Amino acid sequence: MIPLDMTNRDDQVRVITRDELRDKLDRGDPIRLLMALNEWAFRAKHIPGSEHFSTANDMFASLDRDDEIIVYCTSPECHASVALYWALVDTGYINVSRYAGGLTDWESAGLPLEGDWVRAG
């Protein structure tokens, strides 16, 4: 169950930087990169290698407890990834982190994106 009161938990979230995420993707590390936004947003624009699940049941069925899981959404102000982070941690996943910069930070650095709204370079 996702906690309703996220206050005082935000500062306990393990975070990963853009450079750390990019390095993991460049190396081909076996990470599970989860976009916390809805399916429409995922189809519009996401970081290459990202996954999206329509339901929590689908997500939990797909993930292993020892997977390295990185969650993200649009920006530090978007708390969808914080809610997903705690849903995973509270369910027993131990190797979870949040890329707080999200799509905004990734795109502002000129890094590649995929999706229907991504302009061909």
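The following legends describe close-up views of a predicted model.

Residue numbers start from 1 along each chain as its sequence is written, and side-chain values rest on heavy atoms, with hydrogens and water left out. In this predicted model, local features need pLDDT of at least 70 and side-chain atom pairs count only at pLDDT 80 or more, whereas totals for chains, interfaces and linings use all residues.

**View 1**
The chain has five helices and four strands, where helices (H or I, at least four residues) and strands (E, at least two) are DSSP runs numbered from the N terminus. Along the sequence these elements follow the pattern α-β-α-β-α-β-α-β-α. Of the 121 residues of the chain, 41% count as buried; buried means under 20% relative accessible area, exposed over 50%, and partly exposed in between (1.4 Å probe, protein chains only). Among contacts between residues at least 6 apart in sequence, 71% join residues at least 24 apart, a contact being heavy atoms within 4.5 Å.

**View 2**
Four strands form an open sheet in the order S2-S1-S3-S4, and the pairing is parallel. Two strands are taken to pair if DSSP finds at least two bridges between them. Strand S2 (50-51) and strand S4 (96-99) are the edge strands, each pairing on one side only. Helix H1 (residues 18-27) packs on the sheet, where it touches S1, strand S3 (68-72) and S4; its direction makes about 125 degrees with that of S1. Such axes are lines fitted to C-alpha atoms, for helices over the stretch in contact, and angles run from 0 to 180 degrees between N-to-C directions.

**View 3. Strand S1 and its two partners.**
Strand S1 (residues 31-35) is joined to S2 by two bridges, the two strands running parallel. Leu33 has Ser50 as its bridge partner in S2, and Leu34 has Glu51 as its bridge partner in S2. S1 and S3 pair in the parallel sense over five bridges, with Leu34 opposite Val71 in S3. From S1 the chain crosses through H2 to S2, and this β-α-β crossover is right-handed: with the strands pointing away from the viewer, the path from the first strand over the helix to the second runs clockwise.

**View 4. The two faces of S1 and the setting of Arg32.**
Five of the five residues of S1 are buried. In a regular strand the side chains alternate between the two faces of the sheet. Ile31, Leu33 and Met35 lie on one side of S1 and Arg32 and Leu34 on the other, and all are buried. Arg32 counts as buried because its relative accessible area is 16%. Its side chain makes a polar contact with the side chain of Glu51 at 2.6 Å. A polar contact is a pair of N or O atoms within 3.5 Å; within protein, one must be able to donate a hydrogen and the other to accept it, and residues adjacent in sequence count only if both atoms are side-chain atoms. Beyond its neighbours within four places in sequence, Arg32 is in contact with residues including Phe53, Ser62, Asp67 and Ile70.

**View 5. Helix H4 against the sheet.**
Helix H4 (residues 80-90) lies across S1, S3 and S4, running at about 175 degrees to S4. Its buried residues are Ser81, Val82, Leu84, Tyr85, Trp86, Ala87 and Leu88. The elements covering these buried residues include S1, helix H3 (56-62), S3 and S4. Gly92 follows H4 and has a positive phi, near 110 degrees.

**View 6. Val13 in the segment before H1.**
Val13 lies in the segment before H1 and is buried, with a relative accessible area of 10%. When its neighbours within four places in sequence are left aside, Val13 is in contact with Val82, Tyr85, Trp86 and Arg98. The C-alpha atoms of Val13 and Val96 are separated by 8.8 Å, although these residues are 83 residues apart along the chain.

**View 7. Lys45 in the loop between H2 and S2.**
Lys45 is placed in the loop between helix H2 (39-44) and S2. A polar contact of 3.2 Å joins the side chains of Lys45 and Glu107. Leaving aside neighbours within four places in sequence, the residues in contact with Lys45 are Met35, Leu103, Glu107, Leu113, Glu114, Gly115 and Val118.

**View 8. The cysteines Cys73 and Cys78.**
Cys73 counts as buried at 1% relative accessibility, and Cys78 is buried with a relative accessible area of 15%. The structure holds zero disulfides, a disulfide being a pair of cysteine sulfur atoms within 2.5 Å.
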